[in-house]
Amino acid sequence: MKHLIDPMDLTVQEIDQLLELGDDIIAHKEKYQEVCKHKQLATLFFEPSTRTRLSFESAMLALGGDVLGFSSADSSSSSKGESVSDTVRVVSGYADIIAMRHPKEGAPFLASRNLEIPVINAGDGGHNHPTQTLTDLMTIHREKGRLHDLTIGLCGDLKFGRTVHSLIKAMSRYENIHFVMISPEELRLPEYILKDVFEKKGISYKEVRTMEEVMPELDILYMTRVQKERFFNEADYIRLKDSFILDTDKLKSAREDLCIMHPLPRVNEIATKVDEDPRACYFKQARYGKYIRMALIMTLLGLSA
Ligand code: CP
């Protein structure tokens with residue numbers, strides 16, 4: 001059984017096939033309207049979500065399938081003490097594929113063990129978010145036309161940001177990628193990623209404390225939110241929350257073909273005025289999420305148009 005728990009579960013070749021399928025879905029939506037007829041997707045979300053849950057549901061509906069699930073732990077029997085393993089085991093009798101988000105790192109992996117249907121990790125704590133990574137790769141592929149020869153600035157909360165951790169792992173497999181980490185000292189990328197990914201693979205990276213000093217170098221600026229829910233101490237959150245705010249002034253020195261990305265939700269780290277800039281790709285990015293999830297559902301279920 002093939003699950004998607006970590007972005008590295010997919011080979012570069014499998015990612016290429018998903019991107020190709022995503023492109024075809026965008027070009028020929030009508031071809032895919034009944035591919036998942038009589039199939040059910042269960043969305044088990046133990047943590048809040050707008051984009052991931054609704055794009056999964058929209059993806060399955062666009063493929064002609066059905067959806068069931070819950071959107072918070074409170075509305076499931078986990079509030080009565082049921083284990084995640086028991087929950088997914090039961091749901092595997094009601095659905096053909098599961099997309100699951102959980103605040104605990106590793107919960108989707110544990111849930112997938114010995115299960116007879118595919119489990120997709122829709123975000124586990126500060127760990128991984130592989131379908132956001134697929135969404136990001138789809139965005140880069142469509143907006144930049146390549147996944148190699150890129151300088152990527154990652155800005156904001158690089159310590160807790162699971163989307164950043166997953167994207168770094170995925171992009172580190174492509175040729176000639178340079179990473180620029182833009183964060184306050186307290187929200188630096190964890191040491192294990194610096195060592196295990198960058199240093200072990202000999203990937204070029206640098207760490208800076210302002211976005212202005214690197215703006216002209218960037219092909220992609222990947223903004224992130226400082227995540228209140230990951231802090232143990234509110235005072236630390238308040239001190240760091242406004243560390244990096246992208247506005248139209250800061251974009252003056254940026255390249256004309258810069259692609260500004262953000263997994264969303266945004267709080268205030270991108271001024272709303274930037275939304276009007278043609279380089280702002282984050283709302284398009286959220287739309288691509290639906291099509292790449294359609295491709296993923298089809299692939300994990302072994303279906304074709
Ligand atoms: N990008 C993302 O994971 O958004 P949601 O939390 O709204 O699903």
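**How do strand S1 and strand S3 pair, and over how many bridges?** They pair in the parallel sense over five bridges, with S1 covering residues 40–45 and S3 covering residues 97–102. Two strands count as paired if DSSP finds at least two bridges between them. Helices (H or I, at least four residues) and strands (E, at least two) are DSSP runs, numbered from the N terminus.

Before the next views, a word on the model: it is predicted, so local features need pLDDT of at least 70 and side-chain atom pairs count only at pLDDT 80 or more, while totals for chains, interfaces and linings use all residues. Residues are numbered from 1 along each chain as its sequence is written, and side-chain values use heavy atoms, with hydrogens and water left out.

View 1. Step back from the S1 and S3 pair and you can follow an open sheet of four strands, ordered S2-S1-S3-S4 with parallel pairing. Its edge strands are S2 (66–70) and S4 (119–124), and each pairs on one side only. From one strand to the next, the twist averages 15 degrees. Helix H9 (residues 282–301) lies across S1, S3 and S4, running at about 125 degrees to S3. Contact here means heavy atoms within 4.5 Å. Axes are lines fitted to C-alpha atoms, for helices over the stretch in contact, and angles run from 0 to 180 degrees between N-to-C directions.

**View 2. The largest pocket.** Where does the largest pocket lie? Domain 1 (7–128 + 289–301) and domain 2 (131–285) both give residues to its lining, so the pocket lies between them. These domain bounds come from an automatic or database domain assignment. The pocket has a volume of about 420 Å³. Its lining has 21 residues, and Arg101, Arg162, Arg225, Leu264 and Pro265 lie nearest its centre. Helix H2 (51–62) and helix H6 (162–171) are the elements that give two or more residues to this lining. By type, the lining residues divide into four nonpolar, ten polar and seven charged. Ala, Val, Leu, Ile, Met, Phe, Trp, Tyr, Cys and Pro count as nonpolar, Asp, Glu, Lys and Arg as charged, and the others, Gly among them, as polar.

How are such spaces found? On a 1 Å grid over the protein atoms alone, a cavity is a set of points where a 1.4 Å probe fits but cannot get out, and a pocket is an open set with protein on both sides within 12 Å along at least five of seven lines; lining residues have an atom within 4 Å of a point. Grid points are joined across faces, edges and corners, and a volume is the space filled by probe spheres set on the points.

**View 3. Two cavities.** A search of the whole structure finds two cavities of 30 Å³ or more. The largest cavity has a volume of about 50 Å³, and residues lining it include Arg51, His262 and Arg293. H9 gives the most to this lining, with four residues. The second largest cavity has a volume of about 30 Å³, and its lining divides into eight nonpolar residues, one polar and no charged.

**View 4. Two backbone details.** A cis peptide bond joins leucine 264 and proline 265, with omega at about 10 degrees. Proline 265 lies in the loop between S9 and H9. Histidine 38, in the loop between helix H1 (12–27) and S1, has a positive phi near 70 degrees. Most residues other than glycine have a negative phi, and most peptide bonds are trans.
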